[in-house]
Amino acid sequence: MRKLLNTIYVTNEEMYLTLDGENLVCKLEGKERLRIPFENVENIVCFNYVGCSPALMGKCVEKTIPINFISPQGRFLAKVCGETKGNVFLRVAQIDKFRECGLSLAKGTMAAKFSNTRQVIRRTIHDTLALREDEEIKAVIKALGEGIDNVYNAESIEEVIGIEGYCAQSYFSIFNKLITNRKVPFTFEFRSKRPPLDPINAVLSFVYTLATSEFAASLETVGLDSYIGYCHALRSGRASLACDMVEEARCIVERFVLTLFNLQILGENDFETQISGAVWLNADGRKKVLARWQEKKRSDMMHPYLKQKIPMGLLPYVQSNLLAKYVRGDIDTYPSFLLK
């Protein structure tokens, strides 16, 4: 099993990354601020504008360490991951399998997403009697259950996407009620993405981006092409398979975001509002989210298929491995992740 190492998040917009022997070096205004051996790094996420040296990028390619470039607001820009690795026959098999079984995979992924979404709601309302009796929440839980049945009866991927859209809209219509701490100074009205229009949407988008980049890196690690998916339409520059895979794990992101707000870890001083109305995490807010996201990734979870505990940060690698086994024909069905 892959060892859980460290993801390095470069949050200072003026930081420059360079190489010194077997070490990653972070410099600010020409002065060294951090030095980390490559043996302790598995992924690099840069929110800076200055960038990194070509020598460092070459070393990361050699060590199969992806460098993700993300805007300070959390929008994915690009990724350096080097030449395609892995067995070329696996990639050919991936295309063939997705053409043959794409609808079946899409059904399983979305059914798992709806089931996991129900679990997020149920865990949140477990200790809140008023929410358990809330008619709108009951209706959404029912709609998600019906979505699972409907998605398995779908006859096309387009129909699956339509069902997913309806279920997502229903879920986010009651998302604000899941923020049970009345002291939270923010409200959530609807899901806004490009750009996010409130602090809760800003954090959701930010962490979704992190999770998607982690799935993209894990897929490349096991030899699958993260740009060839089975549900999301192919689009130049988009890691469609990573977008497919992260659907099963959105529940983890959403529970994480709800916890950040319910525990009041994030406050009004952690966000900035643009003239356009867009709301983004500021530097301090990003640091708070990233520190707790790393902590979350180190926490143990019971994997429902493996029946063993793994660090949550390994979930993308485990699911990618299982998908690769399915593509190779080692297992008959890809086991989507189900939150227990």
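Helices (H or I, at least four residues) and strands (E, at least two) are DSSP runs, numbered from the N terminus. This is a predicted model, in which local features need pLDDT of at least 70, side-chain atom pairs count only at pLDDT 80 or more, and totals for chains, interfaces and linings use all residues. Residues are numbered from 1 along each chain as its sequence is written, and side-chain values use heavy atoms, with hydrogens and water left out.

**Exercise 1. Confidence**

Task: State which element of the protein has the lowest mean pLDDT and which has the highest.

Solution.
Step 1. The term pLDDT denotes the predictor's confidence in each residue, from 0 to 100.
Step 2. The average for the protein is 85, and 94% of the residues score at least 70.
Step 3. Among the elements, the lowest mean, 71, belongs to strand 7 (residues 76–80), and the highest, 93, to helix 7 (residues 240–262).
Step 4. Where pLDDT is low, predicted coordinates should not be read in detail.

**Exercise 2. The surroundings of Asn 116**

Task: Determine whether Asn 116 is buried or exposed, and identify the backbone oxygen atoms that its side chain reaches.

Solution.
Step 1. Asn 116 is located in helix 2 (residues 88–125).
Step 2. A residue is buried under 20% relative accessible area, exposed over 50%, and partly exposed in between (1.4 Å probe, protein chains only). Asn 116 has 1% relative accessibility and therefore counts as buried.
Step 3. The side chain of Asn 116 reaches the backbone oxygen of Glu 248 at 2.9 Å and that of Phe 337 at 3.1 Å.
Step 4. Contact means heavy atoms within 4.5 Å. When neighbours within four places in sequence are left aside, Asn 116 is in contact with Glu 248, Cys 251, Phe 337, Leu 338 and Leu 339.

**Exercise 3. Salt bridges**

Task: Explain which parts of the chain the pair Glu 136 and Lys 177 ties together.

Solution.
Step 1. A salt bridge is a side-chain nitrogen of Lys or Arg within 4 Å of a carboxyl oxygen of Asp or Glu. The structure holds 15 of them.
Step 2. In the salt bridge of Glu 136 with Lys 177, the closest N and O atoms are 2.4 Å apart.
Step 3. Glu 136 lies in helix 4 (residues 135–152) and Lys 177 in the loop between helix 5 (157–173) and helix 6 (199–222), so the pair ties together parts that are 41 residues apart in sequence.
Step 4. Glu 136 is partly exposed at 45% relative accessibility, and Lys 177 is partly exposed at 24%.
Step 5. Salt bridges with shared partners also join Lys 113, Glu 164, Glu 247 and Arg 250 into one network.

**Exercise 4. Cavities and pockets**

Task: Find which helices each supply at least two residues of the lining of the largest cavity, and which helix gives the largest share of the lining of the second largest pocket.

Solution.
Step 1. On a 1 Å grid over the protein atoms alone, a cavity is a set of points where a 1.4 Å probe fits but cannot get out; a pocket is an open set with protein on both sides within 12 Å along at least five of seven lines; lining residues have an atom within 4 Å of a point. Grid points are joined across faces, edges and corners, and a volume is the space filled by probe spheres set on the points.
Step 2. The whole structure contains three cavities of 30 Å³ or more, and the largest has a volume of about 110 Å³.
Step 3. Its lining includes Phe 215, Val 253, Trp 293 and Pro 316. Helix 6, helix 7, helix 8 (283–298) and helix 9 (315–328) each supply at least two of the lining residues.
Step 4. The second largest pocket holds about 330 Å³ of space and is lined by 16 residues. Helix 7 gives the largest share of that lining, six residues.

Conventions
Polar contact = N/O pair within 3.5 Å; in protein donor to acceptor, adjacent residues only side chain to side chain.
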